[in-house]
Amino acid sequence: EDYAKAEADASKAIEADGRDMKALFRRSQALQKLGRLDQAVSDLQRCVSLEPKNKAFQEALRALGSSMHEKMKTMSCTDSKVEQMFQILLDPEEKDADKKQKAAQNLIVLAREEAGAEKIFQSDGVRLLTQLLDTAKADLMLAALRTLVGLCSGHRSRTMAILADLGAPRLSAVLGVEHEHVSLAACNLLHVMFDSLKEGLQKDFRGKEDAVVLDSSKDLKLLIKHLLELLALEGASAHGRDNALNLLIKVVPRKSPKETNNSMSLWVIDQGLKKILEVGSTVCGTPGSLPVTENSRMSASVLLSKLYDDLKCDAERENFHHLCEDYVRSWFEGHELAGKLRAIQTVSCLLQGPSDAGNRVLELEGIMDSVLSLCASVCEAHQLVAVEALIHAADKAKRASFITANGVSLLKEIYKHSERDSIRIRALVFAEGSTMKLAKQCRKWLCNEMIDAGTRRWAVEGLAYLTFDADVKEEFVEDKAAMQAMFHLAKSEDRSVLYAVASTLVNCTNSYDHEEPDPQMLELAKYAKQHIPEQHPKLRAACVVSALACMVKSENPALTNSCRELISRVFLALVEEAEDRGGVVAQGGGKALIPLSLEGTEVGQTKAAQALAKITITSNPEMAFPGERIYEVVRPLVSLLHLQRTGLENFEGLMALTNLAGISERLR
């Protein structure tokens, strides 16, 4: 289906022999697919003149003539429609809101079709869409952005022309607006533009000799440069900043280590690392701080981690470390208390992302001493920054002897003596005392809606550790209010809680890897009166599935590959019993498992594929995966058929595929 190359090859054959009917017919087919119907007709007419009795040529010419007639009819009708829709949208006298909404919707639908998109583009549409953007009215801006998505999808030359007309500064400004939906629509448009500039030659209409070579690398860098500038721009909204970070995560690092070129990551590190750290180091509520959301620092950490992982050699990593160290020093030295807080917040951000860089910065002179001294601060905001940094340091530090000697004992003291719940909840993981007592306190904080979501997240972090204990797990599973509070938190805007929720659910469903003990060894252990670990109680609740499905839908950077793996483990545990599978499907589990089986760690993809196999074996596949979704299940099931997979995985994969093969001839 590479029609452009097929046309080029056929043209060369015709140059060699102008009467080569196979080449003429092949070129007419390719031209037809490329939308150049007049040229396709010309080639077919030559075929008919060379072989007048060939019925295939006559039939093809007749079909092409009718499709040209239809296209002309559609185009003439579309011309007037496009003009009419823009008139309604841009008319300041038009007060009928329903009429405007319908016109906007029609324009968006039209832009999704290639003929409609081309017509809008040729009818001075970009200038008119720019006018809609400049009205600053949310509904008109949304209509313009969604229409532009249709114009840019998979069409590189059109994308480059639109970018030249609109300009990267205007697109960046729209991304940074306060209106959340407008900012998200601008983010979607920019993502489509990036994809088209990188890969989108499949729909381009190129010249006869393919003489024009489009170089989009400058446009890509220009867009990324403006996204990086938006991160540190004081006037940009918090949502716009998050959307810019999410875009950079998706488009800058290499998709696979097999790609050798990491120049884009190197360029972003040189041009924008300090701008990314500006977001990561922001201390909310301090004078002059950038507007951020609960997710901003986590997004910055994920982006830093992806950039660091994309580096190929020690020299590149050393440059990354130096830039981070210079940034921390610039705040730590000569900025009094506010600067020290920014420096410590940067350390937290790095420890949550590229922890090697965080450990290096932690060893800079005076940093650890400042963290320890600020833990005793009378100001709650300052103490919060220091306690969080200390927790991340204790969790990630390689050379943790200093932290173990000083930091952990300090955290224990803070938990015992602090009167502030917001501080105690963070220090709880390192507290001394009965696990049951600590878990009870966690559940109490988790259910207290008076405490903000960002603080209650730490109660889930605590439970992620404490639910390793069988008694804690049993009590937590029985506590319906605490479970619901945790699921509600998983669906909240603060997505940094996802990993902790997934970890807790892995513990509650016993879905971590464990070897089955040898029956003979068990008998020996009983005879010797040795302790035999018992199977912990298992969570089997329908409400879990809807929360997991909601977590998978999240487009947030917090849904990392390791987080996906944990969710896949939980799903596999939930479908272990055949009678539970119907409930999992009814709650949206089947739909959620498909993306988990196609993206993430190898272990996570296998667990999700096995869960899909179990559902497909015992459920009616047409009910579990309605419509076209049933075709998406085939590839994950085939991935289970491998010598490296277990016997059970191979067996269940084959059983599931057997069940699918009986559905229809096309699916078979």
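Q: At what angle do helix α7 and helix α8 pack?
A: The model is a predicted one. Helix α7 covers residues 125–134 and helix α8 covers residues 138–152. Their axes are 7 Å apart, and the packing angle is about 145°.

Q: Which hand does the crossing of α7 and α8 have, left-handed or right-handed?
A: Contact is made from α7 by Leu129, Leu132 and Leu133. From α8, the residues include Leu140, Met141, Ala144 and Leu145. The crossing of these two helices is left-handed.

Q: How many residues of the contact of α7 with α8 are nonpolar?
A: One residue of the contact of α7 with α8 is polar, and no residue there is charged. The number of nonpolar residues is nine.

Q: Why is α15 called oblique to α17?
A: Helix α15 spans residues 296–309 and helix α17 spans residues 336–352, with axes that come within 8 Å. The axes cross at roughly 55°, which makes α15 oblique to α17.

Q: Which residues in α17 are met by α15?
A: The crossing of α15 and α17 is right-handed. By class, their contact has five nonpolar, four polar and one charged residues. On the α15 side are Arg297, Met298, Ala300, Ser301 and Leu304. In α17 they meet Gln345, Ser348, Cys349, Leu350 and Gln352.

Q: How many charged residues are in the contact of α23 with α26?
A: Helix α23 (residues 435–447) and helix α26 (residues 480–490) have axes that come within 9 Å and cross at roughly 55°. The crossing is left-handed, and α23 supplies Arg443, Leu446 and Cys447 to the contact. Arg counts as charged. By class, the contact of α23 with α26 has seven nonpolar residues, no polar ones, and a charged count of one.

Q: What volume of space lies in the largest cavity?
A: A search of the whole structure used a cut-off of 30 Å³ or more and found one cavity. The space in the largest cavity is about 40 Å³.

Q: Which helices each supply at least two residues of the lining of the largest cavity?
A: The lining consists of Ala168, Leu171, Ser172, Leu190, Leu223, His226 and Leu227. By class, five of these are nonpolar, two are polar and none is charged. The helices that each supply at least two lining residues are α10 (168–175) and α12 (217–231).

Definitions and conventions: Residues are numbered from 1 along each chain as its sequence is written. This is a predicted model: local features need pLDDT of at least 70, side-chain atom pairs count only at pLDDT 80 or more; totals for chains, interfaces and linings use all residues. Side-chain values use heavy atoms; hydrogens and water are left out. Axes are lines fitted to C-alpha atoms, for helices over the stretch in contact, and angles run from 0 to 180 degrees between N-to-C directions. Helices (H or I, at least four residues) and strands (E, at least two) are DSSP runs, numbered from the N terminus. Angles under 35 degrees count as roughly parallel, over 145 as roughly antiparallel, 65 to 115 as roughly perpendicular and the rest as oblique. A crossing is left-handed if the near helix is turned anticlockwise from the far one by less than a right angle, and right-handed if clockwise. Contact means heavy atoms within 4.5 Å. On a 1 Å grid over the protein atoms alone, a cavity is a set of points where a 1.4 Å probe fits but cannot get out, and a pocket is an open set with protein on both sides within 12 Å along at least five of seven lines; lining residues have an atom within 4 Å of a point. Grid points are joined across faces, edges and corners, and a volume is the space filled by probe spheres set on the points.
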